Amino acid sequence: MTAGEAPKYWWCLDHHAVETAEGCANLVRLGPFDDFATAADALEIARRRTEAWDSDPQWNDDAES
C-alpha cells in the first residue's frame, strides 16, 4: 500500500476471517474489498453473484442452444 492509499480487505477461505494485505496468499482469499464489513460479507456476495450468473442465459453453460 502506498502513502495516502486506503487499506484493502480480503476474506480468507482458510481462516474464515477478514485479512489485510499482509494476510494469506490471494489464492485462498476473496477480494479485495474497500472496507472490513464488505469483506466480512464476501461469501454472501459470492453466493448472490453465482445465483445471478446461473440465471443469466449468456453465462449459463447448462442453457440449451
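Two strands count as paired if DSSP finds at least two bridges between them. With that in hand, welcome to this predicted model, where E1 and E3 pair in the antiparallel sense over three bridges.

**The sheet**

Let us start with the strands. Three of them form an open sheet in the order E2-E1-E3, with antiparallel pairing. Strands E2 (17-19) and E3 stand at the edges with a single partner strand each, so one side of each has no neighbour in the sheet. Neighbouring strands here are turned by 25 degrees against each other on average, direction ignored.

How many bridges join strand E1 (residues 9-12) to E2? There are three, and these two strands run antiparallel. Trp10 has Glu19 as its bridge partner in E2. Helix H2 (residues 42-54) packs on the sheet, where it touches E1 and E3, and its direction makes about 95 degrees with that of E3. On the E3 side of the pairing, Trp11 has Leu30 as its bridge partner.

The residues of E1 point in two directions: Tyr9 and Trp11 one way, Trp10 and Cys12 the other way, and all are buried.

**The hairpin turn**

E1 and E2 form a hairpin, with four residues between them. His16 is found in the loop between these two strands. Is His16 buried or exposed? With a relative accessibility of 55%, His16 counts as exposed, because the cut-off for that class is over 50%. His16 also has a positive phi of about 55 degrees although it is not a glycine.

**The nonpolar core**

The largest nonpolar core has seven residues in all: Tyr9, Trp11, Val18, Phe33, Ala39, Ala42 and Ile45. Which elements give two or more residues to this core? They are E1 and H2.

Leaving aside its neighbours within four places in sequence, Tyr9 is in contact with Val18, Glu19, Thr20, Gly31, Pro32, Phe33, Asp34, Asp35, Phe36 and Ala39. Two of these contacts, Gly31 and Pro32, are joined by a cis peptide bond with omega of about 15 degrees. Pro32 has its place in strand E3.

**Arg29 in strand E3**

Now for a charged side chain. Arg29 lies in strand E3 (residues 29-33). Arg29 has a relative accessible area of 8%, so it is buried, the cut-off being under 20%. What does the side chain of Arg29 reach at 2.9 Å and at 3.0 Å?

| Side chain | Atom reached | Distance |
|---|---|---|
| Arg29 | backbone oxygen of Thr20 | 2.9 Å |
| Arg29 | backbone oxygen of Cys24 | 3.0 Å |

Leaving aside neighbours within four places in sequence, Arg29 is in contact with Trp10, Trp11, Cys12, Leu13, Glu19, Thr20, Ala21, Gly23 and Cys24. Among these, Trp10 and Cys12 point the other way from E1 than Tyr9 and Trp11 do, and Glu19 is the bridge partner of Trp10 in E2.

Definitions and conventions
Residues are numbered from 1 along each chain as its sequence is written. This is a predicted model: local features need pLDDT of at least 70, side-chain atom pairs count only at pLDDT 80 or more; totals for chains, interfaces and linings use all residues. Side-chain values use heavy atoms; hydrogens and water are left out. Buried means under 20% relative accessible area, exposed over 50%, partly exposed in between (1.4 Å probe, protein chains only). A polar contact is a pair of N or O atoms within 3.5 Å; within protein, one must be able to donate a hydrogen and the other to accept it, and residues adjacent in sequence count only if both atoms are side-chain atoms. Contact means heavy atoms within 4.5 Å. Axes are lines fitted to C-alpha atoms, for helices over the stretch in contact, and angles run from 0 to 180 degrees between N-to-C directions. A nonpolar core is a set of buried Ala, Val, Leu, Ile, Met, Phe, Trp, Tyr and Cys residues joined through side-chain atoms within 4.5 Å.
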